[in-house]
Amino acid sequence: MSSLTMPFEKALELFEPVMGFEVHVELNTATKMFSWAPNEYGDEPNTNVTPLCLGLPGTLPVVNKQAVTSSIRLGLALGCHIAESCRFARKHYFYPDLPKAYQISQFDEPIASEGHVEIELETGEVFQIPIERAHMEEDAGKLTHLGGSGRIQGATASLVDYNRAGVPLVEIVTKPIEGTGALAPQVAREYVSTIRDMVKALGISDARMDQGSIRCDANISLRPRGATKLGTRTETKNINSLKSVERAIRYEIQRQAAILAAGGSIMQETRNWHEDSGRTTAGRPKSDADDYRYMPEPDLVPILTSRERVAELAQTVPESPVLRRRRLKQEWGFTELEFRDVVNGGLVDVVEHTVEAGASPAAARKWWTGEITRVANERGVEVETLQVTPADVAGLEALIEAGTITDRIARQVLAGVLDGEGTPQQVVDARQLAVVSDDSALLEAIDSALSSQPDVLAKIQSGKVQAAGAIIGAVMKAMHGQADAKRVRELILERASQS
Amino acid sequence: MSEDLIRLTAAELADHLASGEVSSVEATQASLDRIHAVDGEVHAFLHVADKAALATAAEVDRRRAAGEELPSLAGVPIAVKDVMTTKDMPTTSGSKILEGWVPPYDATVVEHLRNHDMVLLGKTNMDEFAMGSSTEYSAYGPTHNPWDLDRIPGGSGGGSAAAVAAFEAPLATGSDTGGSIRFPAHVTGTVGVKPTYGQVSRWGAIALASSLDQMGPVARTVLDTALLHDVIKGHDPKDSTSINREWPSFADAVRQADLSGVRVGVIRQLTGEGFQAGVRARFNEAVTLLTKAGADVVEVDCPHIGSAVAAYYLILPAEASSNLARFDGVRYGRRVMPETGPETVENMMAATREAGFGPEVKRRIILGTYALSAGYYDQFYGQAQKVRTLIQRDFDAAFSQVDVLVSPTGPTTAFKLGAKVNDPLAMYLNDVATIPANLAGIPGMSVPMGRADEDGLPVGLQVLAPAMHDERLYTVAAVVERELTAAWGKPLLGFAPELKEASK
């Protein structure tokens, strides 16, 4: 196995990359695509199954109407034409995770076709990604290979979980994406990110790459600069994050360039991305002659969609991710870098909701990209799984502005919220974290500190006002931090001038 | 009493049950006794559920005695073709690959039978996965024709037809993909109906060819067939191809049958050449009878019917190869580990399918796989679908002139076991008259029209009607049955030889 690569810049001098993506989006319908089994992620294996999910003989599929609605809305968001009539087809192959030995998919009659998606890179460059089609299909089950490396080769046994078998998917297929040059990795990442934001905004998917509810297969080929004929492509699978999309494309460009420059040829094959090593390895050979023996699905009747229905659903499609980002960036007044932090963290929604709940954009950004992201990283979980809501963050900020708590105390309050102790106000009450605003209590502490450090008092009185810091520290310590340092300082100076 | 009970029609038995003259336990026991006495030779059944049947019967008797109002066929015994899933009985579809499999759910047809408090006697034999016209391709051995035990009972539903013809059950269910209900009825002197596609749910029917399969009733009389048809028809949300509409009572169509003014078309392409002389003779008499009974009979052309068998043997194997792909040994049914080579999942699947499927099933899977292959699809499957459309148009045109069409149901009487088993083409041609209805989705029926002079074996008249008009089948068949039974002095089955009963 050759793992030689060519430096990226050199590769781009010699070759032009052409990319294509197949993005699978799992829909968050209550039940599966063709069965009444619950569509739930993470349940006990083989509990969300019906006779249909197991491919028992005599069972028949029935189309999930909600899945069709979601697919049409996604098709519209992709700028696609929605078919007035479309059919399902059977795609045949034998594999233990495929209960019927065929997948019900769409072949020559996808529900949505011919669209485009606008994306915008960090640098502000805009690309139009041409969409060939978006079609409905069902997911397969999940295999776990025991023994060996965890892959099927060398495994001693494999276990199948059919909970995922039949989960509704929309597969979005792009046309070849040309002319990106050295920006190919960023374009790849931004495209998948835009699709993720799009399905999130539509509310049709959990949109979690880490859980596989968005999966990306990246096709890439190189051709010598100036050539028009497409090179042989590879299809990289197992890409589980936005960052990996970018890295995988970059790696494949470097790998293919090294082979081509050495006079070799590219194998048309699937390649598996390895997050840890940052490399791809050969999967299975894939030719255009793969024969899935497609046939129209005779157990289902065509899906008919009236123009009125399309118009009605078009009303429910939110603004595109690019337009929304442009609008929010302007409304929030963030710098490029600040806004990028929010976008890359997948935090646009929560920041927007926090602002809606009354916080300033700057404060909302600070909490979500700062302390909350830090805790999520520390716990190794996604931000959205943490027990804190935009309303909590807005509430926290309101408490700071009202002077009820200080910035430092706010972190303790947030920790309480994250530990499930309730809203910020409830945490403040329960932990008695409200700032001591009773001057007499503060003065008592100040007097005690001043009397124990007479030299400091003298310094202050001689005009060295900065010496007050030592007293402030002592007072804050005595008050367990629950005092407003600014007020303490005022009182110290007042006291010093009186004595 | 037992001997008389088994010869009652379902309608008569239902009346006796309702009046309390006979109990369901008595009727069920009579059927079970008959099965145990003759089925060793007939082999209509793959599974007999004595205990469960008697328990159901006793429960029906108890409820009737308690004064409950019960459905009209409550307590009447019935045999179920093994193509339909039953959660308390093994379901094999005649294949070794499903040997011993007990499904966790009932077919919708079976659910209807249970909801009507009918007594399920057991499961009937069939060609493996309903592929065949003689029941010789059953992995569990052939069924024998009660008229002559050396002859085939037709197929694929030879078990259901023979069970009814041998008085083992008054009623049975069937499935008809290219004639699997009608051809057995033709060669056993019984009645069978393939309903309009979409009228009876396919949920729980182990699919052969999804776009052609239709479940239907099997019985000894036209009225009994209608009564059962009325029980199993109707919309099922679990079957997307199921038609959602109200259907008329077919039993009423039988009771009110009157042929005056009914326009009957004789399909020119389904008479003459290729049909046995005795079949032709009885058919011509039947046509005369229809005229006498007041029908206007004309000849009509269905020019593309000659291509039906060829189109069918592309569409059916294509769909079957797809439907049967799921039998891979991974989740249920038989699993066979490879004798040589590594024990990989692929090798296990191959070994399972090699051991589990019989030769006819393998033949059709190979045919279908080939027909669906990239580069051949348009040439075979696509072309066959075009022929299918042409045949549908032929029927549309014909039904613009006439109300029903008639033909002989099959080209010959029952042939000897083994006569065609190694000649697939000859076997496929048995269905030449029945296949067109499946391609067009229209309803068809076979009703006895006498016995061929050359061998004394029964032959059937096929009646076809436009989609959604199954009631017309019953109108025509009821008159034919009434007139012929009157002429013969007894039902056709009265001419069948007595079966030797094994000592009880």
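Predicted model: local features only at pLDDT ≥ 70, side-chain atom pairs only at ≥ 80, totals over all residues.

Trainee: OK, sheets. What is the strand order in the nine-strand sheet of chain A?

Mentor: The order is β2-β6-β7-β10-β1-β11-β12-β13-β14 in chain A. The sheet is open and its pairing is mixed. Strands here are DSSP runs of E with at least two residues, helices are runs of H or I with at least four, and both are numbered from the N terminus. Two strands pair if DSSP finds at least two bridges between them.

Trainee: Which strands stand at the edges?

Mentor: β2 (81–82) and β14 (279–285) of chain A. Each has a single partner strand, so one side of each is left without a neighbour in the sheet.

Trainee: And what packs on that sheet?

Mentor: Helix α2 (residues 65–77) of chain A does, touching β2, β6 (112–120), β7 and β10 of chain A. Contact means C-beta atoms, placed from the backbone, within 7 Å. The direction of α2 makes about 165 degrees with that of β7(A). Axes are lines fitted to C-alpha atoms, for helices over the stretch in contact, and angles run from 0 to 180 degrees between N-to-C directions.

Trainee: How many bridges link β7 and β10 of chain A?

Mentor: Seven, in the antiparallel sense, between residues 126–138 of β7 and 168–174 of β10 in chain A. Glu138(A) stands opposite Pro168(A) in β10(A).

Trainee: What about the three-strand sheet in chain A?

Mentor: That one is open too, ordered β5-β4-β15 in chain A, with antiparallel pairing. β5 (102–105) and β15 (295–296) of chain A are the edge strands, each pairing on one side only. β4 (residues 89–92) of chain A joins β15(A) over two bridges, and Ala89(A) stands opposite Pro296(A) there.

Trainee: Over to chain B. Is β9(B) mostly covered or open?

Mentor: Mostly covered: five of the five residues of β9 (residues 404–408) of chain B are buried. Buried means 20 or more other C-beta atoms within 10 Å of a residue's own, exposed means 12 or fewer, and partly exposed lies in between; C-beta atoms are placed from the backbone. β9(B) runs parallel to β7 (residues 263–267) of chain B over three bridges. Val266(B) stands opposite Val406(B) in that pairing. With β11 (residues 458–464) of chain B, β9(B) runs antiparallel over four bridges.

Trainee: Helices now. Which residues of α16(A) are buried?

Mentor: Val488(A), Leu491(A), Ile492(A) and Ala496(A). They cover an arc of only 135 degrees around the axis, which puts them on the same side of α16(A). That arc is taken over the directions from the helix axis to the C-beta atoms. Lys486(A), Ser497(A) and Gln498(A) are exposed on the other side.

Trainee: What do the buried ones pack against?

Mentor: α13 (439–452), α14 (454–461) and α15 (468–478) of chain A. α14(A) has its own buried set: Val456(A), Leu457(A) and Ile460(A). These fall within an arc of 100 degrees, so they line one face of α14(A). They pack against α13, α15 and α16 of chain A. After α14(A) comes Gly463(A), with a positive phi near 105 degrees.

Trainee: Which non-glycine residues in chain B have a positive phi?

Mentor: Ala130(B) is one, at about 65 degrees. Ala130(B) sits in the loop between β3 and α6 of chain B. Ala130(B) is buried, with 30 other C-beta atoms within 10 Å. Phe167(B) also has a positive phi, about 60 degrees. Phe167(B) counts as buried as well, with 22 C-beta neighbours inside 10 Å.

Trainee: Where is the cis peptide bond?

Mentor: From Gly155(B) to Ser156(B), with omega near 5 degrees. Ser156(B) lies in the loop between β3 (119–124) and α6 (158–165) of chain B.

Trainee: Last one. How many residues of chain A are in contact with chain B?

Mentor: 26, in contact with 33 residues of chain B.

Methods
Residues numbered from 1 in each chain as written. Chains lettered and ligands numbered in written order. Contact = placed C-beta atoms within 7 Å.
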